[in-house]
Structures are given as C-alpha cells and as structure tokens.
Amino acid sequence: MTVADQQSDLRPSRKVLERGLAVGIDIGGTKVLGGIVDVDGTILATCRKSTPGRDVAAVENTLAAVVAELVDSRDIVALGIGAAGWIDGTGSTVMFSPHLAWRNEPLRESLQARLGRPVLVENDANAAAWAESRFGAGTGESRMLCLTLGTGIGGGIVMDGRIERGRFGAAGEFGHMVIVPDGHRCECGNRGCLEQYASGNALGREARELARAGSPMVHEIVRRVDGDVDAITGQVVAEAALDDDPGARNLFADVGAWLGLGLANLAAAYDPGRFVIGGGVSATGELLLEPTRQSFARNLTGRGYRPAAGVVHAQLGPEAGLVGAADLARRAVTDA
Ligand SMILES: [Zn+2]
C-alpha cells in the first residue's frame, strides 16, 4: 500500500472533518504535552506525561496513551507531533532527534497503523513558529522568523503562508549559526554557536562562572540557590531579573546583545518583516527584547537605509508547539 492509499483509508468522516478537531503533541526530552485543538487554535483539553527515557517503544506507547486520553469520545481529524530534531520533508520520518532514540524512525507510519488517524510529524520549533504565525504574534505578517529560547535555541521560518523546511528538512537551525569563531563548545560539535550565547543554558553558565570567580554581580543569584553554585540555571537568573536584581538584568542585557547580532545576521539572509521571540528565556519580556532591539539596530546591514523588522514577544506560550502541530496535521488532511 502506498502512503497515498494509506492516507485515503484514514480519511475521517465528513462530520468529523467539519468539526475540525485535531490533536497536537509536543514531545520533549522530559515531558510529553498533548492537546485537542480546534480550527481557531484554541486548546480544548490538555494531557501531560513524563517522557519515558530513550526507549523507542515506550515513547510510542506514551504518545498513544496521550492520544487515547485526549480523544475519549471526541473524534479527531488528524494527529500532529512536534519533536526536536530533523524530520524529513514529507512529515513522515524522524531522521535524528537529540533527546530521543529516534534515528530514521518511521514514526508516521507506525502511529497511523496504531491509531487509525492521519499523522504528521514536524520539527517542534517549526510547529511553534507556525502557531505564532497563524494565531499569535506573527499574524498579519507574511514573512516571519520565530526563535524559541529555551535550554537551546529553536528556529522556524514562515514565508508566504508556509514553513520553509529547506531541501533536507534541516532549515531554521538558527541556534547553530557560528557567531564567535573558536567560542564556547556547542553540543552540535562546533564552537561559538549562537545558542551558546543567547539561551537559558548560556545564562546559567555565565552566572555560574561569575559566581565561581566570587563576583558581587551575582550575589543575589547565589543567595537564591543557598550558595550551591551548580544549582544556578537560566531559570534562576530569569527569576532574579524579574525581581529587579541588577546583576541578573545585566546578564539578560548580554544575552540580548548576542541575540540582536544573530537577528541582524538573519535579516541579512531573509529580510523578514517580524522576528517573534518565544521560549522560557523570553518570559522576561522587555528585559530581553529591549537590549535585543538595540543590538539588532546596531548590527543590521544597511541600517538607516532600510526598514527594520519588528522584534516582538511570542504570544502562545509553551503550548505553541502542540497548537502548531495540530493545525499543520489538520491542514494536511483538509487541504489534500
Ligand atoms: Zn551548535
């Protein structure tokens, strides 16, 4: 049976199509977050479970359990999965996932066979970018780049109503643009990647370094972890910054400076109308975005002689990935 035959076998009834409910699941290294999403991007119900380690079968069982719990009596059009990693251009195979054991895993086929509904697999940052573009901070802008700042940096490109995935499904890895030659080592194997300077991990690392050097700049941050320097994370720095700690705010200004440089590079390549910044690190809002805009304006090529893209905060929060995955999966069925 070809994929197309399999898809038509799975096509839901007209009534289910009209209601248009889809399940979206965002699967990360520690948690699986699922939700039922309607055609307006509204989440009607959610379900959260821990990611069961790196065992492929156990992860699949958890995905199936989340779907079963969510669907209950409501039938759905399709299921969308957002996962970190490289997904092939057809939304079928996870070629590589950093947090999970998926290596060339035909996730779509196995889940479709198991659940009896069309499945679409998408990179998690692409899914979040799509959700912001359709329902959040990117609405009304035809050319948008989305950066999700968590432990690392996820990126998504939405151009003229579609996600740009690249020739091999690996576009939008903005976190791995090298901005400091021979800089900090990155998990990807290179040195000096943007995510080593403008992510939650970078915030934590910088604060720990200052703490070990006995810098008074991080007194408040060290106090918050009762002197346990190893316990300092980006989250701790963010909380201190939100409580007006000047040292933590300085660290955010540094992150903003690096991020703005990254955005200027991206503007040179893509010339978008808007950058949407999301993820845990961006929860500090203007504390991050203001220094980011300043650095962006300072580094933008042709500055003063071209319109500059807006830099705005994402609107959909941590559910963006599941909303985007659900919407993409629904559209793949209804537009087919
Ligand atoms: Zn890297």
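**Core, zinc site and pocket**

Mentor: Leu147, Ile221, Val237, Leu263, Phe275, Ile277 and Phe296 touch the most other members of the largest nonpolar core, which has 43 residues. A nonpolar core here is a set of buried Ala, Val, Leu, Ile, Met, Phe, Trp, Tyr and Cys residues joined through side-chain atoms within 4.5 Å. The model is predicted, so local features need pLDDT of at least 70 and side-chain atom pairs count only at pLDDT 80 or more, while totals for chains, interfaces and linings use all residues. Residues are numbered from 1 along each chain as its sequence is written, and side-chain values use heavy atoms, with hydrogens and water left out.

Trainee: Where is Gly262, and is it buried or exposed?

Mentor: Gly262 lies in helix 9. Gly262 counts as buried because its relative accessibility is 0%; buried means under 20% relative accessible area, exposed over 50%, and partly exposed in between, with a 1.4 Å probe and protein chains only. Gly262 and Val178 are 84 residues apart in sequence, yet their C-alpha atoms are 9.3 Å apart in space.

Trainee: Now the metal. Which residues coordinate the zinc ion?

Mentor: His176 (ND1), Cys186 (SG), Cys188 (SG) and Cys193 (SG) do, at 2.1 to 2.3 Å. Donors are N, O and S atoms within 2.8 Å of the metal (3.2 Å for Na, K and Ca); water is not among the atoms, so sites may look incomplete. The spacing of the donor residues in sequence is H-x9-C-x1-C-x4-C.

Trainee: Why is the arrangement called tetrahedral?

Mentor: It is tetrahedral because the four donor atoms subtend angles of 105 to 120 degrees around the zinc ion. For four donors, the term requires all angles to lie between 85 and 135 degrees.

Trainee: Are those cysteines buried or exposed?

Mentor: Cys186 is buried, with a relative accessible area of 4%, whereas Cys188 is partly exposed, at 38%.

Trainee: Next topic: how much space lies in the second largest pocket?

Mentor: About 230 Å³. Leu120, Arg165, Leu328, Arg331 and Ala332 are the closest to its centre among the 17 lining residues. On a 1 Å grid over the protein atoms alone, a pocket is an open set of points where a 1.4 Å probe fits, with protein on both sides within 12 Å along at least five of seven lines; lining residues have an atom within 4 Å of a point. Grid points are joined across faces, edges and corners, and the volume is the space filled by probe spheres set on the points.

Trainee: Which elements each supply at least two residues of that lining?

Mentor: Strand 8 (119-123), strand 11 (162-163) and helix 11 (320-334) do. Helix 11 also holds Ala329, which is buried at 2% relative accessibility.

Trainee: Finally, where is Asp244 found?

Mentor: Asp244 sits in the loop between helix 8 and helix 9. Its phi is near 75 degrees, a positive value in a residue other than glycine. Asp271, in the loop between helix 9 and strand 12, has a positive phi of about 50 degrees and is not a glycine either.

Methods
Tetrahedral: all angles 85-135°; square planar, octahedral: opposite > 155°, others 65-115°. Helix = DSSP H or I, 4+ residues; strand = E, 2+ residues; numbered from the N terminus.
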